[in-house]
Amino acid sequence: MAWNRNRRRSSSGSWAVLAQNPALVIFFLIALILLVIGRGQEALFDDARGAANDVSSVFMEVLSVPASEVNRWIAGLGSLFSTYDENQKLRQENAKLRAAQSELAELQRKVQRYEGLLKIPTDAPVTAVAARVIADTKGPFVRTVLINAGRAQDVLKGQAVVDDRGLLGRVIATGNRSSRVLLVTDLNSRIPVLIEGVNLKAILVGDNSQRPVLEYLPSGSRIVAGARVVTTSDGAAFPPGIAVGIVGKGETSPRVKLFTNEGRADFVRILKYRAPVDVDEAPSGTEPADKGDGKAKPASSQPAGTLPQTNAVYAQPGRPPAL
Amino acid sequence: MFEVLQIGFFWLLQQMWRALPLFVTLAMMLVAMAPMNLMQGVVLGPDLALIAIFFWAIHGPEFLPPWAVFVVGLAQDFATGSPIGFWAVMYLFAYGFTLSQRVFFRGRTGVGVWLGFAIIAVLVAAGSWVLGTFVYARWLPPGELFGQGAVSVIFYPLLARVLLLLRRVLTTAPETL
């Protein structure tokens with residue numbers, strides 16, 4: 001009996017499987033090598049990712065149509081039981097908003113007049129491209145979505161993506177017709193923000209939870225739960241003032257309750273923002289050639305190996321970027 | 001010349017037919033990526049690729065050979081934006097481990113195989129967490145991984161039924177080992 005058991009183990013045990021399947025070992029090693037190379041040289045796979053996104057976007061555009069219908073049905077079913085309460089709430093909110101509307105118009109006129117008097121430079125104009133979320137590619141470690149706008153629509157890496165409620169994330173990879181958006185909640189997301197009311201600046205750090213953390217707050221700073229959190233133009237990455245969320249209550253560390261609901265994002269806008277930064281003209285002949293591929297070239301005055309200013313906020317020393 | 005082309009065409013058709021499990025697995029992955037939000041953000045959806053890999057490793061590894069598992073893993077890496085090679089490593093590990101334990105599923109009923117999948121799902125979740133911690137060089141919350149594993153276990157019997165239909169189309173070989 002013991003002899004039989006040994007024989008069985010040797011013919012079908014773990015090591016026997018490897019011996020019988022050299023292809024399994026070879027592909028496992030190839031995958032490991034890719035993982036190691038990819039960790040050090042992530043940019044190697046950028047074009048491949050863009051191309052893969054473009055290919056999958058063809059199928060995902062088709063699949064997203066019935067998916068949005070299913071979402072609509074689910075949302076409709078949910079609201080069926082709360083229609084009366086919701087209606088009452090909306091009526092109250094409408095009354096409040098009507099009162100606030102005239103006040104807002106008056107304030108806007110005042111601000112414009114003061115800006116004119118003080119000759120304050122106006123904010124850089126922000127144009128936008130509309131797109132649709134065609135794939136929800138969230139995984140255990142990565143929070144991203146795929147949208148159906150890419151380089152053909154002048155979408156570039158680093159641009160902010162918003163929906164009707166607020167900031168959703170930023171573009172991290174672009175294909176020709178599609179782009180991947182890193183959501184605010186992702187582990188690798190770092191967004192410069194401002195806490196309104198107390199005027200404190202911080203970095204909103206994603207940790208894969210629904211509520212990202214506020215880090216790098218000045219020591220001893222006091223923030224109030226419920227304070228609005230908006231983007232700042234620090235790092236010249238995002239337009240200032242995009243709504244992000246409110247400071248959450250009852251947390252041990254300051255966290256932000258986001259305005260957006262990642263799962264419900266459907267139509268989004270990609271903001272084309274160019275921060276008004278004065279840059280000294282480079283000497284003739286040394287101007288970097290911009291091929292329009294979204295890859296910023298370092299200016300001649302910039303030390304070799306440093307990141308361009310637009311990416312400075314996201315740089316994590318000693319750690320490769322997420323993608 | 002015509003005969004050579006004819007043979008080539010039928011060979012290609014045969015290969016495509018044999019690669020049907022791979023195409024179905026890739027199609028399942030695409031469907032899972034549709035922005036439906038059925039889980040309402042509470043937990044991640046099931047890992048359909050892992051379910052398919054386990055099923056074929058048990059019920060017919062010749063229909064999903066190692067190269068196909070590698071392709072599925074790479075597709076998952078590209079689809080989810082994970083580091084390239086990450087899911088290829090994990091799926092090949094799951095495939096190899098399932099193959100090595102295939103003998104234990106000899107004559108088992110559906111529940112026995114289901115329990116086997118539960119063990120594989122836990123191992124893959126634990127392995128992914130360890131590998132992820134090394135790759136990202138930081139502490140990662142393991143809850144979501146194990147949550148996804150649990151959802152995959154719940155969905156396994158349903159999807160195994162669908163895959164079993166496909167297997168019956170592909171071969172008349174007995175379903176039990």
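I looked up chain B and found seven helices and zero strands. Helices (H or I, at least four residues) and strands (E, at least two) are DSSP runs, numbered from the N terminus. Along the sequence the pattern reads α-α-α-α-α-α-α. The radius of gyration of chain B is 17 Å, close to the 16 Å from the globule rule for 177 residues, so chain B is as compact as a globular protein of that length. That radius is taken over C-alpha atoms, and the rule is 2.2 Å times the number of residues to the power 0.38.

I note the source. This is a predicted model, where local features need pLDDT of at least 70, side-chain atom pairs count only at pLDDT 80 or more, and totals for chains, interfaces and linings use all residues. Residues are numbered from 1 along each chain as its sequence is written, while chains are lettered from A and ligands numbered from 1 in the order in which they are written.

Next I checked the extent of chain B. Its C-alpha atoms fill a box of roughly 60 × 40 × 30 Å along the principal axes. Of its 177 residues, 44% count as buried (20 or more other C-beta atoms within 10 Å of the residue's own, with C-beta atoms placed from the backbone).

Then I turned to the interface. I found 41 residues of chain B in contact with 45 residues of chain A (C-beta atoms, placed from the backbone, within 7 Å). Helices H2 (20-33), H4 (66-80), H5 (86-100), H6 (110-136) and H7 (143-170) of chain B each supply at least two residues of the side that touches chain A. By class, that side has 27 nonpolar, 13 polar and one charged residues. Here Ala, Val, Leu, Ile, Met, Phe, Trp, Tyr, Cys and Pro count as nonpolar, Asp, Glu, Lys and Arg as charged, and the others, Gly among them, as polar.

Last, I looked at chain A. Six strands close into a barrel in the order E1-E2-E5-E4-E3-E12, with antiparallel pairing. Two strands pair if DSSP finds at least two bridges between them. I followed E12 (residues 267-272) of chain A: six bridges join it to E1 (residues 127-136) of chain A. A:Ala128 stands opposite A:Leu271 in E12(A). Three bridges join E3 (residues 160-162) of chain A to E12(A), running antiparallel. There, A:Val161 stands opposite A:Ile270.

Conventions. A residue is buried if 20 or more other C-beta atoms lie within 10 Å of its own, exposed if 12 or fewer, and partly exposed in between; C-beta atoms are placed from the backbone. Two residues are in contact if their C-beta atoms, placed from the backbone, lie within 7 Å.
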